[in-house]
Amino acid sequence: MSSTKNEILTYAGYPITELEDVPYEEIVLLLWNLRLPTESELVSFRRELVSQMKLPAETVRLMGRIAKEPQHPMSILRTTVSLLGTTNDNEHDEPPRILAKMLTAVAAIIRIRNDQPIKRSKPDFGVVENFIYMFSGKRPTREQIEMLNTVMVLHADHEFNASAFTARVVASTQSDYYSCLTTAVCSLKGPLHGGANEQVFKMLETIKQTGQDPLEYVERQLASRQKIMGFGHRVYKHGDPRAAILREIARKISYETGNEAYFEMEEQIRDFMFEKTHLHPNVDYYTAVIYHCFNLDRDTFTTMFAACRTAGWLAHIMEQREEGCLIRPSSEYIGETNRHYHADKEAHLHE
Ligand code: ACO
């Protein structure tokens, strides 16, 4: 599990800076078992995930209908996860199969929305390689696999963020995996959490398309007390350690794909925001440009986040189930007390 003690992000005690190039599936096992897997465990887990990257036929049929509606992809994902929890085989689902299905569902949503056929996983491809292949339809280059692997590792878990906490609350009632994951997706969707990556790119596109000066745009937003998406964090007040790593990936991929104008705009806004507000970019700031460079539509960015974060959600759900303790905070009513129903009703009648 992850921790952000002293603003240093660790997974099961290992600093994230030592894990950025580790295969995503190894990170998943680390989060789930709190120890590094042996080589044979890793090989068999990889094989299991790849072989399970498929969806029940009935889910695919229903997805074909709902994904074509003019709905937000995160709403489609929410409904898809819920649908997965109603198929006959969900009773036998365990975390590896569930993670494989979530990756497949996100890739399928991206394909269906673009009127493209769903791709089957290839047994000789790795997990990240298959994921890219299944959403893009093309075999990725080694460099693309490495870049997206790091993005996936950095998004795998983040202690008690809003969506993990939501999943834990549901898990604490001993509800099923899919119910927990459905609520986690709902929570991630919001722009103050995972939905921020889409809003970051919306801002960059607006500035580019309208030919505005980025700094004047940001200044106007701040003057009207609007938040600049992709900045600030509840935990990190001196910079998000994930953003530093993602910045370099965004720089590299944006220049390689001819999207450097977006990255350079981000650099300008980053410096300006620090000067004006002392706020730092968070994890969502640079992924916006990275996902765009992977040819993804802006409104699918948060589904990518959900795909990566499923590893962490499942780790939290498993831990919460083991604890067997119901999360039930109490609230304190601070309104008027000592009121009397009949006396107040009588008084209203005479008003
Ligand atoms: N742009 C402008 N001002 C900001 C921003 C921002 N992005 N973030 C915080 N502030 C300001 C607030 O307006 C507030 O100002 P005030 O004291 O004058 O009222 C002050 O900084 C403190 O802000 P809070 O919202 O209280 O800080 P908090 O730690 O609670 O918020 C949050 C963290 C919700 C992430 C916030 O920074 C924000 O809304 N950022 C934009 C959305 C975003 O990028 N979310 C993704 C977060 S990472 C993730 O969830 C994966």
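User: What is S254 in contact with, once you leave aside its neighbours within four places in sequence?

Analyst: That list is N259, E260, F263, V289 and C293, where contact means heavy atoms within 4.5 Å. Bear in mind this is a predicted model, with local features needing pLDDT of at least 70, side-chain atom pairs counting only at pLDDT 80 or more, and totals for chains, interfaces and linings using all residues. Residues are numbered from 1 along each chain as its sequence is written, and side-chain values use heavy atoms, with hydrogens and water left out.

User: Why does S254 count as buried?

Analyst: Its relative accessibility is 0%, and buried means under 20% relative accessible area (exposed is over 50%, partly exposed in between; 1.4 Å probe, protein chains only). So S254 counts as buried.

User: What makes R251 and S254 a polar contact?

Analyst: A polar atom of the S254 side chain lies 3.0 Å from the backbone oxygen of R251. The cut-off is a pair of N or O atoms within 3.5 Å; within protein, one must be able to donate a hydrogen and the other to accept it, and residues adjacent in sequence count only if both atoms are side-chain atoms.

User: How do you know which polar atoms lie by the ligand's oxygen and nitrogen atoms?

Analyst: From the distances. A ligand oxygen is 2.7 Å from an N or O atom in the K237 side chain, and a polar side-chain atom of R225 lies 3.4 Å from a ligand oxygen. A ligand nitrogen is 2.9 Å from a polar backbone atom of L192.
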